[in-house]
Amino acid sequence: MNDADLERQVRAALYSVAPDLESEPLDPDRRYRDQFEFDSMDFLHFATELHRLTGIDIPESDYRRVETLKGAVAYLKEKRIAKGGGDA
Amino acid sequence: MSEFRMPSLGADMDVGTLVEWMKHPGDHVTRGDAIAAVETQKGVIEIEVFETGILDDIRVQVGQRVPVGTVLAVIRTGNEAPAAQTVAEKPAAAARPTPPVAPVAAAVSSVTPAGAKITPAARRRALELHLDLLALRAGADGVIGLREVEASRAAPAATASRPPGAAAKPGIDMSEMRKAIAAAMAKSWREIPHYFVSSTIDVEPMLAWLERENARRSMPERLHYAALLIKATALALKAVPVLNGHRVNDVFAPSSQVHLGIAIAMRGGGLIAPAILDADTLDLADVMTHLDDLVVRVRGGRLRSSEMTAATATFSNLGEDTADTLQPVIYPPQVAIVGCGRIVERAWAEHAVLSTRRTMVVTVGGDHRVSDGRAAARFLGHLNELLQHPERL
């Protein structure tokens with residue numbers, strides 16, 4: 001699974017929470033909540049959905065690391081490698 | 001025989017457009033079933049019946065915009081024979097007669113074919129693309145989704161029946177939403193002598209407990225702090241009945257149940273406050289499930305009429321990255337509203353020791369016609385006490 005696949009998963013989780021953002025430009029370096037009306041309830045739904053899609057458990061203390069598209073991709077990559085599932 | 005009327009889904013609503021019949025004449029309906037969907041200024045709401053019986057006669061067709069109180073359908077209860085067309089209208093309906101059938105262009109283009117459901121995203125997309133919703137075909141699951149909208153985009157027939165010049169009307173028109181909020185809040189501010197009472201509450205114990213709790217819960221079971229605030233607010237309201245109920249025709253009727261309206265922001269602007277019914281009796285997991293469900297449906301689905309009208313008080317949480325205090329305005333016919341500011345770390349002096357704590361300013365907006373600031377202070381005392389022992393919630 002490469003970065004593009006991981007990004008697709010992050011976007012899928014994001015759009016499942018906020019389908020109306022699908023056609024919006026998404027800045028990979030900015031927090032979702034700083035770009036859109038995306039509050040902590042949305043974030044919780046996003047994190048749960050990301051977990052459902054990837055099987056990766058994200059402890060609450062790591063939530064900060066998945067608050068941006070870029071951060072989330074890097075986080076998933078790291079976790080996949082840690083699990084031995086990475087092909088990078 | 002009972003008449004099923006266009007309900008008022010809030011102090012701000014006086015007309016609604018019928019956009020879907022979810023049941024058809026001859027169908028059995030049970031009290032609490034959603035049988036029709038109505039488009040209001042705050043989006044599409046599913047309306048529920050209060051009787052069990054047979055849906056006998058539909059009086060208002062899809063696309064019609066009618067005043068609150070208009071008879072939409074007749075429901076046959078018990079062993080009555082099918083309705084004759086001569087059922088006498090009650091005075092309320094007679095005083096506000098159903099206007100002649102004249103569906104306006106915008107209403108026609110914003111309704112779906114009978115029986116078809118459309119997702120909010122698809123609805124918005126279709127209207128952006130100026131597609132006539134009546135021309136859309138549902139997918140295999142009976143639902144019109146984004147895929148179906150995109151598919152019909154290519155098909156020229158989809159736009160053919162759209163009347164020229166009809167304004168594209170999104171599922172929720174923001175200027176209409178703003179008008180609805182303005183109407184309700186202007187009425188509130190004009191009629192209700194508000195008072196505001198605040199306390200700064202130490203939420204460190206609540207958050208510390210929640211962090212421990214969430215660390216051992218699986219992701220889908222994790223709680224948001226709002227669930228704890230909601231439960232504690234509901235319990236505290238139960239203890240101070242003058243803040244919980246409705247004031248109608250100059251009389252306050254306290255409610256023995258706590259149906260807590262939850263103010264939820266809609267993306268793109270606007271606010272809606274559907275209720276979590278009997279919030280004081282639910283455990284935290286159930287509160288969280290209801291909260292999740294409401295947020296999802298406010299932002300991308302449908303609310304039900306009972307959720308729109310049942311609230312006996314309202315809870316509003318400003319949330320993270322916002323501001324310190326919220327002085328909320330009461331939503332009539334309710335008599336109190338609880339506003340929470342963001343959580344802020346503050347210097348905290350207690351038992352002559354100075355420390356830092358995460359804290360929250362909670363403000364009660366109360367109706368002086370029904371209660372005094374002292375009642376709100378009592379509520380805040382209970383709330384504070386409850387939040388110091390989150391494990392008991």
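Guide: Two strands pair if DSSP finds at least two bridges between them. Strands (E, at least two residues) and helices (H or I, at least four) are DSSP runs, numbered from the N terminus. This is a predicted model: local features need pLDDT of at least 70, side-chain atom pairs count only at pLDDT 80 or more, and totals for chains, interfaces and linings use all residues. Residues are numbered from 1 along each chain as its sequence is written, while chains are lettered from A and ligands numbered from 1 in the order in which they are written.

Visitor: In what order do the four strands of the open sheet in chain B lie?
Guide: The order is β1-β8-β6-β3 in chain B, with antiparallel pairing.

Visitor: What makes β1 (2-5) and β3 (28-29) of chain B edge strands?
Guide: Each pairs on one side only. Take β3(B): two bridges join it to β6 (residues 53-58) of chain B, and the two run antiparallel. In one of them, Val29(B) has Gly53(B) as its bridge partner in β6(B).

Visitor: How do you know that the span of helix α11 (residues 373-387) of chain B agrees with expectation?
Guide: The expected span is 1.5 Å times one less than the number of residues. For the 15 residues of α11(B) that gives 21 Å, and the end C-alpha atoms are 21 Å apart, so the two agree.

Visitor: Why do the buried residues of α11(B) line one face of the helix?
Guide: A residue is buried if 20 or more other C-beta atoms lie within 10 Å of its own, exposed if 12 or fewer, and partly exposed in between; C-beta atoms are placed from the backbone. In α11(B) the buried residues include Ala375(B), Phe379(B), Leu383(B) and Leu387(B). Seen down the axis, the buried residues fall within an arc of 140°, so they line one face. That arc is of the directions from the helix axis to the C-beta atoms. Their cover includes β11 (194-202) and α7 (204-216) of chain B.

Visitor: Why is chain A called as compact as a globular protein of its length?
Guide: The radius of gyration is taken over C-alpha atoms, and the globule rule is 2.2 Å times the number of residues to the power 0.38. Chain A has 12 Å, close to the 12 Å the rule gives for 88 residues, so the label holds. Its secondary structure is four helices and zero strands.

Visitor: How many residues of chain A are in contact with chain B?
Guide: 16 residues of chain A contact 17 of chain B. Contact needs C-beta atoms, placed from the backbone, within 7 Å. Helix α3 (residues 40-54) of chain A gives the most to chain A's side, with six residues.

Definitions and conventions:
Contact = placed C-beta atoms within 7 Å.
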